[in-house]
Amino acid sequence: LPILASEAMLDMELGYQLKKQDLHFEGNLYAMLYKDQLTPNGLVTESNYALMENVDKSYRLGAELVAGYRISRLFYIDGKLTLSINKIVDYTADLSEYWGSTTHNLYDFGTTDLALSPSVVGAAIFTYLPVDKAKVQLIGKYVGDQYADNTGREESKLDAYFLLNARASYTFDMHHGNQIECQLAVNNILDLNYRTTAWCGTYYDPATGDITTDRGYFQQPGRNFMVRVVYRF
């Protein structure tokens, strides 16, 4: 395995915040410039931990937006949106000829997308307060297209997905300011088939110039339920 170097990053940000009685808004622009950024290389260990690699030059540019509005005493809505460009400049990979091969070949993929870095991520939460100490929430989340490795090829792409979840909770006040919160969650209400990550092995045959890919997806559950009890003290 290659020896990993420390990464260096220059972070520049510009933010704005607005707060009123029933409305709040936050906006943030950022530019992160990296040298030797550590990023997943698409492969995993036998216990499914992501293997990392250094990439020489890379950057993340984007905007983060957060807003909330109280419609009435019983209803309010919150939202988050991140739009970003996440790139490696002149990505060169050291590809083996096949799994376990000791023969390696440098291949230049040009400027590519950073692994597991979607350019669009958004969420919205609609909250209803039926009675004191009770809360019902409908939660939507969108994650755009992303890639399992740093080659930016169609073979390593993970499709965008949208999740709709619901959560209900009730909080009981105890002695000395302690609390018990009971929660019921219904996840993936639409019972969608989606994947959040994958492993991806890329191999290069110098004799033919062909690039082959092995990949495997980590499938996420369909509609599921969860009960949770939280004790605060």
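Is Leu116 buried, partly exposed or exposed? In this predicted model, Leu116 is partly exposed, its relative accessible area being 31%. The residue belongs to the loop that links β5 (104–113) with β6.

Confidence in the prediction was examined for the protein and for its elements. The mean pLDDT of the protein is 93, and 98% of its residues reach 70 or more. Among the elements, β6 has the highest mean pLDDT, 98, whereas strand β13 (residues 210–219) has the lowest, 86.

A positive phi value was also found at Asp36, where the angle is near 60° and the residue is again other than glycine. Asp36 lies in strand β2 (residues 23–44), and its relative accessible area of 22% makes this residue partly exposed. This assignment follows because the partly exposed class begins where the buried class, under 20% relative accessible area, ends.

The largest nonpolar core comprises 8 residues, namely Val55, Ile88, Tyr91, Ala93, Leu95, Phe109, Leu114 and Tyr204. Strand β4 (residues 75–96) gives the most to this core, contributing 4 residues. In soluble globular proteins, nonpolar side chains tend to be buried together. For Leu95, a member of the core, the contacts beyond four places in sequence are with Thr103, His104, Asn105, Tyr107, Phe109, Thr202 and Tyr204. Two of these partners, Phe109 and Tyr204, are themselves listed in the core.

A nonpolar patch of about 650 Å² is made by Leu23, Tyr69, Ile71, Ile77, Phe126, Tyr128, Val136 and Leu138. Strands β6 (120–128) and β7 (134–143) each supply at least two residues of the patch. One of the patch residues, Tyr128, is found in strand β6. Tyr128 is partly exposed, with a relative accessible area of 31%.

Ser72 is placed in the loop between β3 (50–70) and β4. Between the C-alpha atoms of Ser72 and Ala124 the separation is 17 Å, the two residues being 52 residues apart along the chain.

Notes
Residues numbered from 1 in each chain as written. Predicted model: local features only at pLDDT ≥ 70, side-chain atom pairs only at ≥ 80, totals over all residues. Heavy atoms only, no water. Patch = residues over 30% accessible without salt bridge, like charges linked within 9 Å, V, L, I, M, F, W, Y side chains within 5 Å. Areas by Shrake-Rupley, 256 points an atom, 1.4 Å probe, with all protein chains shown as cover. Salt bridge = Lys/Arg side-chain N within 4 Å of Asp/Glu carboxyl O. Buried < 20%, exposed > 50% of the residue type's maximum accessible area, 1.4 Å probe, protein only. pLDDT = per-residue confidence, 0-100. Core = buried A, V, L, I, M, F, W, Y, C linked by side-chain atoms within 4.5 Å. Contact = heavy atoms within 4.5 Å.
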